[in-house]
Amino acid sequence: MSVSCCRNLGKAIQVHLHLRPCGGTSLFRRIQSYQLSSSSSSSMADLKSTFLNVYSILKSELLHDPSFEFTDESRLWVERMLDYNVPGGKLNRGLSVVDSFKLLKEGKDMTEEEVFLSCALGWCIEWLQAYFLVLDDIMDNSVTRRGQPCWFRVPKVGMVAINDGILLRNHIHRILKKHFRGKPYYVDLVDLFNEVELQTACGQMIDLITTFEGEKDLSKYSLPIHRRIVQYKTAYYSFYLPVACALLMAGENLENHTDVKNVLVDMGIYFQVQDDYLDCFADAETLGKIGTDIEDFKCSWLVVKALERCNEEQTKILYENYGKADPSNVAKVKELYKELDLEGVFMEYESKSYEKLTGVIEAHQSKAIQAVLKSFLAKIYKRQK
């Protein structure tokens, strides 16, 4: 049976995974519950439960992909790698595809197939996120991710993680081919994922080439450079991609929605500025990782704003300590940030950004798209992690 074509999603789960309905409640009933009110906590729990069940289906399919003859050892490795890296985050990007598509339907119930397909597209984005993070942690020599050791730091993994990242990337197109090849928007989906992946890789490249050892130069850092890095490295895949997937599923032409893309890119920039702020000022346990932007000589919004506000003596302190791993150097930078009241500067930036984004969203002619964009903004405004 093909999952993408089946009429009863709850039955499909059992066929693929040989599972009984959890607690006597079928996945179909969870979908029905989700249809009732996307704002209720119980409905969101149903959505997340449904979403995680779709992950299990997709994982099972990939572990039995006929294009590769798995050994028991290799299948166990891939399963462990997937479970460690793909579903462990907040899942906001993936769940946003489902929520966005529901809002675009303007009150009409989603069919079981639409729920499954929107979940599958959401998981493609989560797979993309996992692929980026596995490799990004290696490049940044990071220690923790999502409250646990980075994948490459897990015993017996090491640099095998590079190949695991490549596997994660290839899984995306296996999912798209299996479940969307017969859809009229399939080619547009493939083009979208390819384009966003390229944009993200280019953003990462700009970020990385500013941090070469022996070539550290804070004079290269500015708000326009920061914006360019963030726009390409974060905004397209984290904000535009989920909505673009939902728009394609809804039969829309993405060329007619450049205004939506622009708002989402601005939202993504705001999100990354938050991320830069939290990297320095948030509690590591709450954040789920240890911030390393200072040690890694990142072109962070905080250092850019510090450079704008520093006097000559403060600039000297920044140049002498930024980009060094010694805790004493990091402490001096953080103390300088406090002296410059960068927390207050961020709070003012956050308030103005929210006001501007809200104004642009409310001016959009489509109430459904307004609802999608407001949903995104509500998820990130004043976030703590």
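**View 1. A nonpolar patch on the surface.** In this predicted model, a patch is built from residues with over 30% relative accessible area and no salt bridge, and nonpolar side chains are joined into one patch when they lie within 5 Å. Met159, Ile162 and Ile166 form such a nonpolar patch on the surface. Together the three residues have about 270 Å² of accessible area. To find your way around, start with Ile166, which sits in helix α7, residues 160–180. Ile166 has a relative accessibility of 45%, so it counts as partly exposed.

**View 2. Helices α9 and α10 packed together.** Here we look at helix α9 (residues 223–249) and helix α10 (residues 258–281). Their axes are 7 Å apart, and the two helices pack at an angle of about 120°. That angle makes α9 oblique to α10. As for handedness, α9 passes α10 in a right-handed crossing.

View 3. Asp266 is partly exposed, with a relative accessible area of 28%. Arg227 is also partly exposed, at 38% relative accessibility.

View 4. Now for Glu362 and Lys374, which form a salt bridge with their closest N and O atoms 3.7 Å apart. Glu362 lies in helix α15 and Lys374 in helix α16 (residues 367–380), so the bridge ties together parts that are twelve residues apart in sequence. Both ends are partly exposed: Glu362 has 46% relative accessibility, and Lys374 has 37%.

View 5. Side chains of opposite charge can pair when their charged atoms come close. In this view, the side chains of Asp136 and Arg145 meet in a salt bridge, at 3.9 Å from N to O. Asp136 is buried, and Arg145 is buried too. For the whole model, the count comes to 19 salt bridges.

**View 6. Lys156, a loop residue with a positive phi.** Most residues other than glycine have a negative phi. Lys156 is not a glycine, yet its phi is positive, near 70°. You can find Lys156 in the loop between β2 (148–149) and α7. Is Lys156 buried or exposed? Its relative accessible area is 79%, so Lys156 counts as exposed.

**View 7. Asp341, another positive phi in a loop.** The last stop is Asp341, a residue other than glycine with a positive phi, near 55°. Asp341 sits in the loop between α14 (327–339) and α15 (342–362). With a relative accessibility of 44%, Asp341 counts as partly exposed.

Notes. Residues numbered from 1 in each chain as written. Predicted model: local features only at pLDDT ≥ 70, side-chain atom pairs only at ≥ 80, totals over all residues. Heavy atoms only, no water. Patch = residues over 30% accessible without salt bridge, like charges linked within 9 Å, V, L, I, M, F, W, Y side chains within 5 Å. Areas by Shrake-Rupley, 256 points an atom, 1.4 Å probe, with all protein chains shown as cover. Salt bridge = Lys/Arg side-chain N within 4 Å of Asp/Glu carboxyl O. Helix = DSSP H or I, 4+ residues; strand = E, 2+ residues; numbered from the N terminus. Buried < 20%, exposed > 50% of the residue type's maximum accessible area, 1.4 Å probe, protein only. Axes fitted to C-alpha atoms, helices over the stretch in contact; angles between N-to-C directions. Parallel < 35°, antiparallel > 145°, perpendicular 65-115°, else oblique. Left-handed = near helix turned anticlockwise from the far one by under 90°.
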